[in-house]
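Hi,

Here is the structure I promised to pass on. Have a look at it first, and then read on for what I found.

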Amino acid sequence: MVIGEEKVSKEEIKSFISAENIFFIDIKEIKADILNNFSQIAKIEINRQLPDAISVTIQERIGLAAWCNEVDCFVIDREGVAFERADLESSWIKIFGDRQLVNSENIFHIMEIQSKLKEISSIFI
């Protein structure tokens, strides 16, 4: 059973779980493989469900802004993790500059500024 997926399909997640006996699967290895292959997934929990099932609960990243370099833009989450390509014409708040500056603290400040602008002047960015 897979819960929490939107961008990554159940079939893609299930393809990483191949053992027929739930006691022979390496849960830590499967978690690492899934997280390494799907940058959209922020957290994953895998549990054995007796007698013969595996449950997988995933938490996908939520985009807050786009970080843009000279060529492309990427959707970033609240930690500043880039997890998918963003359309240059998208409505994301766009952050230009050094990738190292895109971190959780700076993302927090940007979202705080956006919220204050909405609150005091009805400006939506």
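How many residues does helix α3 have, and how far does α3 reach from its first C-alpha to its last? In this predicted model, α3 takes in residues 104-121, which makes 18 residues, and the reach is 26 Å. That is close to the 26 Å expected at 1.5 Å a residue.

The sides of α3 are worth a look. Its buried residues are Ile107, Met111 and Gln114. They lie on the same side of α3, because they cover an arc of only 55 degrees around the axis. Among the elements that cover these buried residues are β4 (65-68), β5 (73-76) and β7 (94-96). On the face turned away from the buried side, you will find the exposed residues Glu105, Phe108, Glu119 and Ile120. Glu105 also comes up at the start of the helix: a side-chain oxygen of Asn103 reaches to within 3.1 Å of the backbone nitrogen of Glu105.

Now to the sheet. Three strands form an open sheet in the order β1-β3-β2, and their pairing is mixed. β1 (2-3) and β2 (41-49) are the edge strands, each pairing on one side only. β2 and β3 run antiparallel and are joined by eight bridges.

Is Ser55 buried or exposed? Ser55 has a relative accessible area of 7%, so Ser55 is buried. Its bridge partner is Asn47. Leaving aside residues up to four places away in sequence, Ser55 touches Met1, Glu45, Ile46, Asn47 and Gln49.

Enjoy exploring!

Best wishes

Definitions and conventions
Residues are numbered from 1 along each chain as its sequence is written. This is a predicted model: local features need pLDDT of at least 70, side-chain atom pairs count only at pLDDT 80 or more; totals for chains, interfaces and linings use all residues. Side-chain values use heavy atoms; hydrogens and water are left out. Buried means under 20% relative accessible area, exposed over 50%, partly exposed in between (1.4 Å probe, protein chains only). Contact means heavy atoms within 4.5 Å. Helices (H or I, at least four residues) and strands (E, at least two) are DSSP runs, numbered from the N terminus. The expected span of a helix is 1.5 Å times one less than its number of residues. The arc is that of the directions from the helix axis to the C-beta atoms. A polar contact is a pair of N or O atoms within 3.5 Å; within protein, one must be able to donate a hydrogen and the other to accept it, and residues adjacent in sequence count only if both atoms are side-chain atoms. Two strands pair if DSSP finds at least two bridges between them.
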